[in-house]
Amino acid sequence: MPSQLPPKENTIFKRILKCYEQKQYKNGLKFCKQILSNPKFAEHGETLAMKGLTLSYLGRKDESYEYVKRGLKNDLRSHVCWHVYGLLQRADHKYDEAIKCYRNALKWDKDNIQILRDLSLLQVQMRDSEGFRDTRYQLLKIRPAQRQSWIGYSISYYLLGDYDMAFSVMEDFRKTIIPENSNKVDFEHSEMLLYQNMVLSEQGKIKESLQHLEKYENLITDKLKVSEIKASQHMQLGNFSVAEKIYRNLLKRNPENHMYYEAIEKCTSALKQKSLEESDRLAIYLYYKKRYPWCETPRRLPLNFTSGNLFKELLSDYLQNALKKGIPPLFKNLQNLYQNTEKVLIIENMVNNFAKNLLECNKFDPKDGELQDPTVLLWTEFYLAQHYDYIKDTEKALFYINKVLDHTPTLIEGYMVKAKIYKHAGAYQEAANWMDEGRSLDTADRYVNSKCAKYLLRANEIQKAIETCGMFTKEGSSPDDDLDSMQCMWFGNECAAAHYRREEIGEALRKCHQIEKNFNEIVEDQFDFHTYCMRKVTLCAYIKLLKLEDVIRNHSFYFDAARIAIKCYIELYDKPYSSEEGGAENNKGSMSDKEFKKLKSKQRRAQKKQQIEEEKKDHKEVEMKKNDDGKPDPLVLVKCKNPLEEAVKFLRPLQLLSKQKIETHLMAYEIYSRTNKPLLMLQSVKRAYHCDPTNSQLHCCLVEFLAKVREEAGSYNAIVKLVIDRELPLIVREQDPFKFNDDYLLSNPNSLKTRIAVGWSKLYLDPSSKDEAIKLITDLTTRVDLSLQVCVEVYEKLISKGLLTEARNYKLACHQVFPRADLFRPDNIVENDDSQG
């Protein structure tokens, strides 16, 4: 079929293109019909392709692909057909296929600007930096007068790490549009200069970067950023007096900025060529405290480095000032001081004295002449409640928070703190009730509403939590769906954890996959910014965006979702889902052994046949069983054929971006140990060892690995054996698992986590030593690192191992230590416990 149309039909075809650009898709279909209804042009490739593209925007995807492929078949040399096919692939996020289509389109029209632009967008999206550079060069040759051509070409070199070319390309373009001696201040020109300065800084050319900044300082609109960059660069070059002067000027703009104070300290120390004494450091803050008496930072920061009587004096001043004002987050402001046990005691004694004096004479100190408001005692007791909660004295914490609520029953923060105290004590249901009580006092507060929903989820009340969040979601839609569409990932993670605790694996996985989908959408959403940022010349922000998108899955939301998903898939591997538990056993009835054996054999054959058929249809089934909103059916997720492969999909981003977390490598070991891959197991424990060589969970993995190597070494091939023999001694000196386990206990005998790890390892190595192992695991006399979370993990593992009697005894022992914890209440039956996270 000829690609050229007669004048009349060609005019109609142009109208089709115009309708597509103006999003008048139904009119476009009418024009397509006019051409295709003519028998001579019924198979005109470009018209068929445009009809397919138009149909895709009307939601008729299957038809659209059919028409586009038909058009491409009839005109393989048409750049329009290939371009349209690429647009469809891009819409389905098949970026590699779309790039191939665009390249084919360029074979037949190599200077088509729209195709080149679309190709360059896909290349930067896929981080094909070399391809992006070549495409931007083509665009620059075609349109050298266009600003975006130069900017895109410069950024392509930046992404390749060729900073000299990135700078020179931008400099050549800048000189062509701005005269050398021009003093005109322009935002876009300012952004170009800041981009150039960033390029110089990242090269390590600090001196050149500073000279560039000083030369064009008057042309840059963001004066604050200029000052901060200049101060930082003067410090790097050793010009500390100049840097100090700039930072002191910056403090006039923002006297609450912690970074400025720290920088002034460093500059002063460098100028004196010695570490600052406590008095010298304090002098800096006292000066600004006097100059800006309303500021908190000059009062708060000295508490970090002072000690003894000086600390007491400054702390007293800070606390009295805050308690008079009634600042609810006062405890949060001082929380990092709690790393120092000496300071904790000072704080405790001081605040207790304040409370005692305020109660007796309404003064901080009997010698004071000023009487305080009654609310000062309220906030003092409010602080004490949080203090005792932090040091795990639950009863005292509850005593003080109850006094607060008796005094002011309408204080929402009081109910929130009381809920937090119960949560830390393991009483999740009671915590949720008190948080809900606080929420009811102000139903218009979104933050308190969210907190209440979170506490309800910790108590496994999923439906009630959804209804609570529904007070702030769109009317007419499900709150759960609305929260998913808003990418509310904290809620998704908490829901997944609650479903997992309730052993609803399918629902937990559905939530985890939803969070994975959210991150995919975030990555795909950057697509719109590639053209926008170049057009608006927000280049520094654009570079930051690209860097952020490269590591987006390092976020804690993704890590938490991946951890839950991996646990679920490991559980599905260990205990595959079955809707007909028991199989033939349930139908045995009064059959003879021979008949029963025959029935089981028949069922095995039928099951094998069904499995083969299901594997062929697996992908299709997932698509068909998706809900109307595109979410996978939980039943399909729990019936996956290769749960460990699905777990690895969640693991890989963590191995790439969260390799500093030991938990990543411990999860990897759990997966690979089930696939019996010794080198990957070795890789996992080696990486974990570099994160924390003393970790108790790592010890269990090492013992298991040593035992497996000893048992299976004969079955390994020569290369595997060589690698293990070479690498294992680098992390484990003692390769006898029994001796290694005993040595670990001797290294830290007072640690509860150490004793628990040794106990589990002993049980794994020698099941006959069960009594000794259980004693190590369940002994609570060692309180060095005793915590509710550790006890919960032990209790859950005892149940999962089928040690129900030991679990029941351990539960009673834990109840003595954590009397308020829901999980350890004696009225709960071991077999039916819902674990709390």
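These points cover the overall fold and the aromatic side chains of a predicted model.

1. Residues are numbered from 1 along the chain as its sequence is written, and side-chain values use heavy atoms, without hydrogens or water. Local features need pLDDT of at least 70 and side-chain atom pairs 80 or more, while totals for chains, interfaces and linings use all residues.

2. The protein chain has 46 helices and zero strands; these are DSSP runs, helices being H or I of at least four residues and strands E of at least two, numbered from the N terminus. The C-alpha trace spans about 100 × 100 × 65 Å along its principal axes. Of the 837 residues, 47% are buried (under 20% relative accessible area; exposed is over 50%, partly exposed in between, with a 1.4 Å probe and protein chains only).

3. The structure holds 29 aromatic pairs. Rings of Phe, Tyr and Trp (its six-membered ring) pair if their centres lie within 6.5 Å; planes under 30 degrees apart are stacked, over 60 edge-to-face and the rest tilted. Tyr-20 and Tyr-57 are edge-to-face, because their centres are 5.7 Å apart and their planes at 65°. This pair links helix H1 (residues 7-21) to helix H3 (residues 45-57). Tyr-20 is partly exposed at 22%, as is Tyr-57 at 45%.

4. Trp-379 and Phe-382 are also edge-to-face, at 5.3 Å and 85°. Both are buried, and they sit three residues apart in helix H22 (residues 374-390), about one helical turn.

5. One aromatic cluster includes Tyr-261, Trp-294 and Phe-305. Arg-281 lies over the face of Phe-305, 4.0 Å from the ring centre (CZ of Arg or NZ of Lys within 6 Å of the centre and within 35 degrees of the ring normal).
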